[in-house]
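The entries below follow the order in which I checked them.

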Amino acid sequence: MMIAGNWKMNGLSADGVNLAKEIASAVKETKRTCEFVVCPPFTLLSLVKKALRGAKVALGAQDCHTAEKGAHTGDISPVMLKDLGCEYVILGHSERRADHHETSALVKTKAESAHNAGLKTIICIGETLAQREAGKTIDVCSKQVRESLPNDAKAGNTVIAYEPVWAIGTGKTPTASEVEEVHAQVRKVLSAKLGKTEAGKMRILYGGSVKPSNAKEMLALEDVDGALIGGASLKSADFMAIADNAGCRC
Ligand code: PEP
């Protein structure tokens with residue numbers, strides 16, 4: 001089970017360090033079986049890395065460039081993220097697909113560069129409300145997985161996050177059977193690409209308004225191997241309560 005927090009563009013130094021320290025001490029406190037990841041904004045990566053010292057919490061970034069280095073003003077390379085101590089990078093989040101016109105082809109290239117730099121990737125997919133209402137959810141999500149998945153994808157370096165765009169930050173979530181349907185389809189597409197064994201091992205996270213109150217139901221579903229959490233990852237108590245409700249404490 002993976003519990004990953006996407007802090008998005010939130011937090012100044014003091015907030016980020018406090019949040020990271022609270023999560024680190026909560027994770028250290030008990031024997032927890034989840035894999036924890038926190039993905040702060042670029043500006044906080046070094047500080048958060050330091051604040052997490054000694055805790056089993058991996059550091060992730062929220063995006064990277066395709067190139068290792070060069071004339072790309074304002075961008076950050078995967079090699080730079082690795083150098084800062086990142087283990088993961090989120091790619092293809094719907095906010096980047098919408099705000100920065102990122103295509104699945106670009107996400108795929110970024111993922112290959114990230115893997116070359118030694119990072120693991122969390123690749124986001126998900127339909128808009130209009131696509132769901134038009135009955136296109138399965139087609140849209142399948143296409144995004146097929147086109148975003150890097151050629152070197154394997155369970156050890158790639159995680160898929162299904163995040164319906166209309167569920168992000170809205171408090172709305174798909175029903176349990178809607179989540180199961182998409183996750184089963186993602187697994188099927190992965191199986192066709194990677195074979196059944198490798199696809200069976202690849203983590204598929206659910207993301208979109210995950211809270212302590214719905215975590216138990218969401219994370220018990222078939223083919224749901226964890227959660228990518230936005231808003232609720234900004235409060236350590238909520239983030240840890242989601243992990244607890246997902247059965248991560250022992
Ligand atoms: C996200 O943006 O990755 C996300 C899941 O956000 P929220 O949990 O706030 O819906």
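**Entry 1: Asp139**

I looked up Asp139 and found it in helix H7. The model is a predicted one, in which local features need pLDDT of at least 70 and side-chain atom pairs count only at pLDDT 80 or more, while totals for chains, interfaces and linings use all residues. Residues are numbered from 1 along each chain as its sequence is written, and side-chain values use heavy atoms, with hydrogens and water left out. I took helices (H or I, at least four residues) and strands (E, at least two) as DSSP runs, numbered from the N terminus.

Is Asp139 buried or exposed? Asp139 has a relative accessible area of 56%, so I noted it as exposed. The cut-offs are under 20% relative accessible area for buried, over 50% for exposed and partly exposed in between, with a 1.4 Å probe and protein chains only.

**Entry 2: H7 and H8**

I then followed H7 (residues 137-148), which lies across strand S5 (120-125) and strand S6 (158-162) and runs at about 155° to S5. Helix H8 (residues 176-194) packs on the sheet, where it touches S5, S6 and strand S7 (204-207), and its direction makes about 150° with that of S7. Axes are lines fitted to C-alpha atoms, for helices over the stretch in contact, and angles run from 0 to 180 degrees between N-to-C directions.

The axes of H7 and H8 are 10 Å apart, and the two helices pack at an angle of about 35°. I listed the contact (heavy atoms within 4.5 Å): H7 gives Thr137, Ile138, Cys141, Ser142, Val145 and Arg146, and H8 gives Glu181, Val182, Gln185, Val186, Val189, Leu190 and Lys193. Sorted by type, the residues of this contact are seven nonpolar, three polar and three charged. For that sorting, Ala, Val, Leu, Ile, Met, Phe, Trp, Tyr, Cys and Pro count as nonpolar, Asp, Glu, Lys and Arg as charged, and the others, Gly among them, as polar.

**Entry 3: the barrel**

How many strands close into the barrel, and in what order? Eight strands do, in the order S1-S2-S3-S4-S5-S6-S7-S8, with parallel pairing. From one strand to the next the twist averages 25°. Two strands pair if DSSP finds at least two bridges between them.

I looked at some of the pairs. Strand S1 (residues 2-6) and strand S2 (residues 35-39) run parallel and are joined by five bridges; Gly5 stands opposite Val38 in S2. S6 and S7, also parallel, are joined by three bridges, and Tyr162 has Tyr206 in S7 as its bridge partner. Two bridges join S7 to the parallel strand S8 (residues 226-229), where Ala227 stands opposite Tyr206.

Both faces of S1 are covered, with Met2, Ala4 and Asn6 buried on one side and Ile3 and Gly5 on the other. I found S7 covered on both faces too: Ile204 and Tyr206 are buried on one side, Leu205 and Gly207 on the other.

**Entry 4: cores**

I took a nonpolar core as a set of buried Ala, Val, Leu, Ile, Met, Phe, Trp, Tyr and Cys residues joined through side-chain atoms within 4.5 Å. The largest has 65 residues, of which Ile3, Ile23, Phe36, Ile160 and Leu190 touch the most other members. Helix H1 (residues 13-29) supplies the largest share of this core, seven residues. Apart from neighbours within four places in sequence, Phe36 is in contact with Ile3, Val27, Lys56, Val57, Ala58, Phe239, Met240 and Ala243. A second, separate core has 13 residues, including Met2, Ala4, Ile90 and Ile122.

**Entry 5: positive phi**

Most residues other than glycine have a negative phi. I noted His101, not a glycine, with a positive phi of about 55°. His101 lies in the loop between helix H4 (94-99) and helix H5 (104-116) and is exposed, because its relative accessible area is 65%. Ser209, not a glycine either, has a positive phi of about 55°.
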